[in-house]
Amino acid sequence: MTDRLFDDPPRNDVPRIIGHRGAMGHAPENTLASFRKAHELGCDWVEFDCMLSDDEAIVIHHDDALDRTTDGTGIVAETALAQIRRLDAGGWFADRYRGQQVPTLDETIALLRETGMGGNVEIKPVRGYERNTGKIVAHQTWELWPTELPPPVVSSFSLTALEQAVIAAPNLDYAILWWDIPEEWAYHHGRLNARAAHCNAGRLDEAQTTAFLEAGIAVRCYTVNDPDQAQRLFDWGVSSIFSDFPDRFL
Ligand code: G3P
Ligand code: MG
């Protein structure tokens, strides 16, 4: 039996299916086209990755380097926003997506407002930029998030980024992203006031899920594309999954 960390229950307004990087099985990940695709497929929420450009603008991008998902090259944190915006972020996926840019956080939030979708803002610092990325992404999310949308969930694998985020915006709703779950998970959830664990679906087991739930922590899993696996996780008490193919579940 795990000690209860939080007395009140975790929020229950996050949908079961969250589009991963938009709907990255169908459209180029982390682009406005991908977020629109997720909406067309019926998603109520999407997840996206936030990092800083060289001039500390927030851009929606997954890898440290630009090479895989744009026609550019180099490290995002060493490239100015104006240069990043000149790149094509869709042609690598399919010709019809040529012309997609790497979005900013502002543009992404505007699209969420237009469509009414909620969002999981993942803080994804380029290695070495954890503190500033956590601080700036949290601050901007707090400032810009529309009141008519459900409050965002802000998550990160980087505990350093989350520490700075919590200082910059203590009233946001935080989740810790776990790959392997350390023995001292409860300590980190407590000190960061993180009401959810976003766990690797392939490495989580039922006992750990139960321990989170008993502590008052919601469990959500990435990345789930197989309906049988999703059902098993829901049976354990996992409340949401992140999927590249949300249409398989909706
Ligand atoms: O936030 C869930 C998931 O996106 C975490 O992994 O590498 O796809 O950002 P990754
Ligand atoms: Mg992510």
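User: Where does threonine 104 sit?
Analyst: Threonine 104 is in the loop between α2 (81-85) and α3. As for those labels, helices are DSSP runs of H or I with at least four residues, strands are runs of E with at least two, and both are numbered from the N terminus. This is a predicted model, so local features need pLDDT of at least 70, side-chain atom pairs count only at pLDDT 80 or more, and totals for chains, interfaces and linings use all residues, while side-chain values use heavy atoms, without hydrogens and water. Residues are numbered from 1 along each chain as its sequence is written, and chains are lettered from A and ligands numbered from 1 in the order in which they are written.

User: Why is threonine 104 called buried?
Analyst: Its relative accessible area is 13%. Buried means under 20%, exposed means over 50%, and partly exposed is in between, using a 1.4 Å probe and protein chains only. Threonine 104 has 13%, so it counts as buried.

User: And what does threonine 104 touch?
Analyst: Leaving out neighbours within four places in sequence, threonine 104 is in contact with Ile58, Val59, Ile60, Leu81 and Arg85. Contact just means heavy atoms within 4.5 Å.

User: Is glycine 74 buried or exposed, or in between?
Analyst: Glycine 74 has 27% relative accessibility, so it counts as partly exposed. You'll find this glycine in the loop between β3 (58-60) and α2. Not counting residues up to four places away in sequence, glycine 74 touches Asp64, Ala65, Leu66 and Asp67.

User: What makes arginine 21 and asparagine 30 worth a look?
Analyst: Their phi angles: arginine 21 has a positive phi of about 50° without being a glycine, and asparagine 30 has one near 55°. Most residues other than glycine have a negative phi, and most peptide bonds are trans. Arginine 21 is in the loop between β1 (17-20) and α1 (32-40), and asparagine 30 lies in the loop between β1 and α1 too.

User: How do you know that these two are buried?
Analyst: Arginine 21 has a relative accessible area of 11% and asparagine 30 has 2%, so each falls within the buried class.

User: Which peptide bond is cis?
Analyst: That's the bond from tyrosine 222 to threonine 223, with omega near -25°. Threonine 223 is in the loop between β8 (218-222) and α8 (227-236).

User: Why are α1 and α3 called roughly parallel?
Analyst: Their axes come within 10 Å and cross at roughly 20°, with α3 covering residues 105-115. That angle makes α1 roughly parallel to α3. The cut-offs are under 35 degrees for roughly parallel, over 145 for roughly antiparallel, 65 to 115 for roughly perpendicular, and oblique for the rest. The axes are lines fitted to C-alpha atoms, for helices over the stretch in contact, and angles run from 0 to 180 degrees between N-to-C directions.

User: Which residues of α1 and α3 meet?
Analyst: Leu32, Phe35, Arg36 and His39 in α1 meet Glu107, Thr108, Leu111, Glu114 and Thr115 in α3. In α1, Ala33, Ser34, Phe35 and Ala38 are buried, and the buried residues of α1 pack against β2 (45-52), β3 and α3.

User: What about α4 and α5, how do they pack?
Analyst: α4 and α5 (residues 159-168) pack at about 40° with their axes 7 Å apart.

User: What does the span of α4 come to, against the expected value?
Analyst: Helix α4 (residues 130-144) has 15 residues and reaches 21 Å from its first C-alpha to its last, close to the expected 21 Å. The expected span is 1.5 Å times one less than the number of residues. Buried residues in α4 are Thr133, Gly134, Ile136, Val137, Ala138 and Thr141.
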